[in-house]
Amino acid sequence: MPLIPIDDLSDPGLADYRDLTDVALRRVSEPAGGLYIAESAKVIERALAAGHVPRSVLCEQKWAAGIQSLVAPDVPVYVGSSALLESLTGFNLHRGALASMQRPALPSVASLLQDARRVVILEDIVDHTNVGAIFRSVAGLGADAVLVTPRSADPLYRRSVRVSMGTVLQVPWTRLPEWDVAAGQLHDAGFSIAALALADDAVTLDAYAASPPARVAILVGTEGDGLSRAALSAADTVVTIPMLHGVDSLNVASATAVALWALRVPPSAD
């Protein structure tokens, strides 16, 4: 398919890219429309490598040849000036290109847990930057999957994908049901739930990591209030990271990375 110059912003083919900076709108419209937005050539490449299917691509003319070489010949590639694309999307496309991708179907919780040994659970984490950073740590430190609660932010939102450097497209993930069901699913699969939180009965991370269960689900909570009572009730152990100089905790993404490193599965266990 030849490049498609943009001369009319009302073109229905551009609907996927309209008002990308409206978070409230996009977090509803993207899942409902069965799409997500991949930003930059590198992320688009990772999406394609993961088997995801592009609906279309949007870019400036100077990026068009390189982007067109990545996608199948039948994928529309829309091109326009920087000013025109900014008026469409709401921001400057300085990373070169956007692709509207078909959102893949989520796997079942049981299928992700079947062969996993380390998973991370995100409870009600709504900051897309933190979600993306956690996925990057999961990929880099070797956990097997991420499970997100119903009220957590969309891992496939544009900022999450970008911050994760596209690793959210590689790491298996799915949505958990509410805790009255989710806790049973995790325990039935042989997982011990380790909640990262401050509590009088918490064990230190280094003590817990000295002899961890074979299967561990690292549970982290929302940025403001931490873990809910339901989550703490579901946990088998509350684990805390010892801190110094009067600091009581780390950012949730940093804490997750520390816990993943401490609880990593040794290569000899593979």
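# A chat about the predicted model

Guide: Ile4 stands opposite Tyr78 in β4. Keep in mind that this is a predicted model.

Visitor: OK. How many bridges join β1 to β4, and which way do they run?

Guide: Two bridges join β1 to strand β4, residues 77-79. The two strands run parallel.

Visitor: What order do the strands of that open sheet come in?

Guide: The order is β1-β4-β3-β5-β2. That makes five strands, and the pairing is mixed.

Visitor: Which are the edge strands?

Guide: β1 and β2 are the edge strands. Each of them pairs on one side only.

Visitor: What holds strands of a sheet to one another, in general?

Guide: Strands of a sheet pair through backbone hydrogen bonds. The pairing can be parallel or antiparallel.

Visitor: Back to β2. Which strand is joined to β2 by five bridges?

Guide: That is β5, residues 97-102. β2 and β5 run antiparallel.

Visitor: How many residues of β2 are buried?

Guide: Five of its five residues, 35-39, are buried, so the strand is mostly covered by the 20% cut-off for relative accessible area. Look at both faces. Leu35, Ile37 and Glu39 are on one side, and Tyr36 and Ala38 are on the other. These residues are all buried.

Visitor: New topic. What about β9, how much of that strand is covered?

Guide: β9 covers residues 192-196, and five of its five residues are buried. Both faces are covered here too. One side has Ser192, Ala194 and Leu196, and the other has Ile193 and Ala195.

Visitor: In what sense do β9 and β11 pair?

Guide: They pair in the parallel sense, over four bridges. Within that pairing, Ala194 stands opposite Ile218 in β11.

Visitor: And how many bridges join β9 to β12?

Guide: Three, and β9 and β12 run parallel. β12 is residues 237-240. The bridge partner of Leu196 in β12 is Val239.

Visitor: Where is Arg215 found?

Guide: Arg215 is in the loop between α9 (205-210) and β11 (216-220).

Visitor: Why does Arg215 count as partly exposed?

Guide: Arg215 has a relative accessible area of 22%. Buried means under 20% and exposed means over 50%, so Arg215 is partly exposed.

Visitor: Which residues does Arg215 touch?

Guide: Leave out residues up to four places away in sequence. Then Arg215 touches Leu113, Gln114, Asp115, Ala116, Arg117, Arg118, Ala189, Gly190, Phe191 and Ser192.

Visitor: How far apart in space are Arg215 and Trp173?

Guide: 17 Å, C-alpha to C-alpha. In sequence they are 42 residues apart.

Visitor: Now a helix. Where is Val131, and is Val131 buried or exposed?

Guide: Val131 is in helix α6, residues 128-141. Val131 is buried, with a relative accessible area of 1%.

Visitor: What is Val131 in contact with?

Guide: Leaving aside neighbours within four places in sequence, Val131 is in contact with Leu122, Ile125, Ala153, Pro155 and Ser160. Ser211 is another story: Val131 and Ser211 are 28 Å apart in space, C-alpha to C-alpha. They are 80 residues apart in sequence.

Visitor: Zoom out. How many helices and strands does the protein chain have?

Guide: The protein chain has 11 helices and 12 strands. Its radius of gyration is 20 Å, close to the 18 Å that the globule rule gives for 270 residues, so the chain is as compact as a globular protein of that length.

Visitor: What percentage of the residues count as buried?

Guide: 47% of the 270 residues.

Visitor: Last one. What share of the contacts comes from residues 24 or more positions apart?

Guide: 77% of the contacts with a separation of 6 or more.

Methods: Residues numbered from 1 in each chain as written. Predicted model: local features only at pLDDT ≥ 70, side-chain atom pairs only at ≥ 80, totals over all residues. Heavy atoms only, no water. Buried < 20%, exposed > 50% of the residue type's maximum accessible area, 1.4 Å probe, protein only. Contact = heavy atoms within 4.5 Å. Rg over C-alpha atoms; globule rule 2.2 N^0.38 Å. Pairing = 2+ DSSP bridges.
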